[in-house]
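Q: I am new to this structure and would like to go through it step by step. Could we begin with how its strands are arranged?

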Amino acid sequence: MPLGAVKVGLFAAAGAGGAGGPAGYFGGGYQGGYVTTVDRFLFSNDSRSTLGTGLSVARQRLAGMASPDAGYFGGGYGSSGSVATVDRFLFSDDSRTTLGTGLSAARFTLAGMASSTAGYFGGGQEAAKVATVDRFLFSDDSRSTLGTGLSTARANLAGMASPDAGYFGGGNNGGIASTVDRFLFSDDSRSTLGTGLSGGRYYLAGMASSTAGYFGGGYDTSNIRVATVDRFLFSDDSRSTLGTGLSGDRYRLAGMASSTAGYFGGGNESGGTVATVDRFLFSDDSRTTLGTGLSGARYFMAGMANTGA
């Protein structure tokens with residue numbers, strides 16, 4: 001068990017790819033108050049369950065990422081202020097541990113993404129907005145902080161990753177950014193894409209297939225909610241914008257993905273907070289909205305997933 005973690009058990013039996021099979025998770029957020037809720041969507045049929053134990057600390061504005069074996073929710077803001085906590089959920093039985101070492105500093109409105117061997121939490125708000133990128137090695141959950149962080153300090157950004165590189169997009173720090181920073185997993189070097197998002201925005205979400213990454217929703221430079229979904233093809237990092245976006249203009253949402261489809265869940269629309277989960281099929285980028293959404297309408301949560309890979 002890594003780094004002095006404390007384990008909380010959930011289920012005794014596990015199926016192929018985890019406790020019942022590959023699944024995606026939406027954790028934390030704000031629902032009339034800070035919550036510890038973790039909703040689990042089984043990818044085989046999109047059915048939803050809510051874990052018997054959730055996060056170790058009720059919080060919003062956190063971030064998520066995952067290894068092939070476990071998912072991680074890091075940072076956020078709760079009743080006692082910002083936290084450095086990183087909770088780890090083992091996919092084989094959905095049991096939770098809390099890492100003995102968390103983020104390098106307590107912060108919120110950060111973003112997460114991961115390779116097959118390490119996960120990264122980038123940006124966010126400490127006393128001020130930061131460019132920090134913390135890296136967690138999955139073999140022992142040890143943490144290091146990259147010598148170079150984001151190209152600019154910013155918060156309220158989003159993350160997603162290809163098999164070879166991770167991307168942090170959008171966010172704000174005084175202005176509203178369209179910037180997309182790319183971290184090559186082989187050496188953690190950073191480059192900034194020549195073309196970024198189709199427009200500056202923050203409070204957006206990210207998710208990815210093996211061939212393309214998606215940034216969806218958010219607030220734009222006029223502080224207007226958008227339904228925009230930008231798609232970045234990993235073979236050349238070219239950007240296109242989907243003809244159909246989210247099912248509604250939405251911000252403060254979260255994203256996660258299976259090997260065949262990506263999901264954007266929760267957030268705020270003009271009518272208030274929603275439990276909506278939109279599903280984008282990677283084969284043709286068509287969108288459906290799940291018949292059942294989150295267990296409750298909430299925003300400022302985080303997503304991560306077990307693809308069964």
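Predicted model: local features only at pLDDT ≥ 70, side-chain atom pairs only at ≥ 80, totals over all residues.

Q: Understood. Which residue is the bridge partner of R135 in β14?
A: The partner of R135 in β14 is S144. Strand β13 (residues 133-137) and strand β14 (residues 142-145) run antiparallel and are joined by 4 bridges.

Q: How many residues lie between β13 and β14?
A: There are 4 residues between them, and the two strands form a hairpin. In the turn, D141 has a positive phi of about 60°.

Q: And what does β12 pair with?
A: Strand β12 (residues 118-122) pairs with β13 over 5 bridges, in the antiparallel sense. Within this pairing, A118 stands opposite L137 of β13.

Q: What is the strand order in the sheet as a whole?
A: The order is β11-β12-β13-β14, an open sheet of 4 strands with antiparallel pairing. The edge strands are β11 (111-114) and β14, each of which pairs on one side only. On average, neighbouring strands of this sheet are turned by 20° against each other, direction ignored.

Q: Changing topic: where is D188?
A: D188 is in the loop between β19 (180-184) and β20.

Q: Is D188 buried or exposed, and why?
A: D188 counts as buried because its relative accessibility is 14%, and buried means under 20%.

Q: What does its side chain contact, then?
A: The side chain of D188 makes a polar contact with the side chain of Y120, at 2.5 Å. Leaving aside neighbours within four places in sequence, D188 is in contact with Y120, R135, L146, T148 and F183.

Q: What about G199: where is that one?
A: G199 is in the loop between β20 (190-192) and β21 (201-202). With a relative accessible area of 25%, G199 is partly exposed. The C-alpha atoms of G199 and S283 are separated by 25 Å, and these residues are 84 apart along the chain.

Q: Last topic, the largest nonpolar core. Which residues touch the most other members?
A: Of its 13 residues, these are M207, Y214, V229, L246, F264 and F280. At least two residues of this core come from each of β22 (205-208) and β23 (212-216).

Q: Which residues does M207 touch?
A: Not counting residues up to four places away in sequence, the residues that M207 touches include M160, Y214, M256, F264, F280 and F282.

Conventions: Residues numbered from 1 in each chain as written. Heavy atoms only, no water. Buried < 20%, exposed > 50% of the residue type's maximum accessible area, 1.4 Å probe, protein only. Pairing = 2+ DSSP bridges. Axes fitted to C-alpha atoms, helices over the stretch in contact; angles between N-to-C directions. Polar contact = N/O pair within 3.5 Å; in protein donor to acceptor, adjacent residues only side chain to side chain. Contact = heavy atoms within 4.5 Å. Core = buried A, V, L, I, M, F, W, Y, C linked by side-chain atoms within 4.5 Å.
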